[in-house]
Amino acid sequence: IGYTKEKTIIQMCLEGLRLEDFIASKNGSTVVAFFKDPSADIDEQDFAIVNNDRHKRYRYIKEWDAAISPDGKNVAYRVVESVGSQENEFIVLNNQEGKRYFNVGVIFSPDGQRIAYVVRERGNKGFVVLDGKEGPKYDMVSDIHFSPDSKNITYKATINYTPFLILNNEIIDPKKYDAIRPFFTFSQDSKLVYQGYKKTDDEIFLIIGERETKFPHWIIDIPVFSPDGNKMAYKGKNNEGDFVVAIATGNKIQAHKGAYEDIDAITFSPNSENIAYSACDGEKCFLVINGVREKKYYNKINDIVLSPDSKSFAYSAVKEGEFDSSSYGKGAVDGEFVVINQQEGKHYLRVNSLVFSPDSQKVAYRVLDGDPDIYARFLWGGGTDDLKNDLRESVVVNNIEGEKYLNVTEPIFLEDNTLMYFAYDGSNI
């Protein structure tokens, strides 16, 4: 199927090591593997290997919070250490230890050149550390995001139980509006987007950067901007209480005709001309493209992607009887699968990370396959790592399965349409 070349990136040289997790950069240049050595002293059991460079050992690495910059040049992960009866956390950035705190969490800017993390101190005070500099302290901090150009950062802060919207460590003036609805998001040209309400005139406004526009209603969920930045799509409610999708172009707002019990996963095509989203009426969910609903019905739709040429679409879906991780032992009657241009693929325990090739001719995604009862036992703590080994992951391209491994990363298409991903076979990556 066009991808058979393998290269060993990281080799497990010691017996008894256990791979906890591994991640790869978006461009495929860097892979980070996290290992545990149960035979070592408790303070030296966890360590990372970055492109075969073995890092220092620690008591505990929270590998699920690890991050690689998009260009693959910077790697950060969170470490826990014990000091007497207390535990401290710190960020290791490019194998250099940061300042000790009570609790931390990290993100990179889109260009990979800036790093920010939320810190929670003992006593629950919180603040943001941006490029190594500590920001103002608040009662609580959350929802941190960089702008697309990496120059701005926004987050939520709470003071005396009152939430505030923060931009570049400055509070957005709370006196101008009687209420603010933040989205913690930016427009395509990196301007902060939020809504404000003035009680005296009973008016709602949409604010994008410094531009304030009267708006007919509150926006539900996070608005989505088209790639060219000229359109904004959002989820709203009509007078009957049903959800609708509306598109704002300048000062003009046009709602799609359909109204549904729920709407999710609003997605623009790369050329900004088409828009797709999932909609549900009762237990029936379906895809809607440019306001026209598809005739295939599912219990849930996820991960909608449109091809680079804006002519094809793919999404993952589940049907009634699908394995339900919230119901132990239910098993999988139908399964989770990918739909490409209305054609359903094979059903699996789990499907994610859908991506089109640059030439729009291929769709790749990651799947998990195996016994659904074993999967349920593993999810709900009734299984061990040995039990997990009975499940296998693979990458599927245009409904053709690749080789099965214990773990695989999300698939990446390079500019020449070559598919790349990293896999773990129990001994090597």
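## Contacts and overall make-up

Of the contacts in the chain between residues at least 6 apart in sequence, 36% join residues at least 24 apart. The model described here is predicted. Its chain comprises 40 strands and 2 helices.

Of the 429 residues of the chain, 47% count as buried. The chain exposes about 21,800 Å², and carbon and sulfur atoms supply 45% of this area.

## Aromatic pairs

The count of aromatic pairs comes to 15. One of them is formed by F215 and Y234, whose rings are tilted, with 55° between the planes and 5.5 Å centre to centre. Because F215 belongs to strand β20 (residues 211-215) and Y234 to strand β22 (residues 232-237), this pair ties together parts that are 19 residues apart in sequence. Both F215 and Y234 are buried.

F286 and Y297 form an edge-to-face pair, at 5.8 Å centre to centre and with 85° between the planes. F286 lies in strand β27 (residues 284-289), whereas Y297 lies in the loop between β28 (292-293) and β29 (300-306), so the pair ties together parts that are 11 residues apart in sequence. F286 is buried, its relative accessible area being 0%, while Y297 is partly exposed at 38%.

Ring pairs also link Y298, F313, Y315 and F337 into a cluster.

## Charges over rings

The charged end of R293 sits over the ring of F286, 3.9 Å from its centre. K284 lies over the face of Y297, at 5.1 Å from the ring centre.

Key. Residues are numbered from 1 along each chain as its sequence is written. This is a predicted model: local features need pLDDT of at least 70, side-chain atom pairs count only at pLDDT 80 or more; totals for chains, interfaces and linings use all residues. Side-chain values use heavy atoms; hydrogens and water are left out. Helices (H or I, at least four residues) and strands (E, at least two) are DSSP runs, numbered from the N terminus. Buried means under 20% relative accessible area, exposed over 50%, partly exposed in between (1.4 Å probe, protein chains only). Contact means heavy atoms within 4.5 Å. Accessible areas come from the Shrake-Rupley method with a 1.4 Å probe; for residues, only the protein chains shown count as cover. Rings of Phe, Tyr and Trp (its six-membered ring) pair if their centres lie within 6.5 Å; planes under 30 degrees apart count as stacked, over 60 as edge-to-face and the rest as tilted. A charge sits over a ring if NZ of Lys or CZ of Arg is within 6 Å of the ring centre and within 35 degrees of the ring normal.
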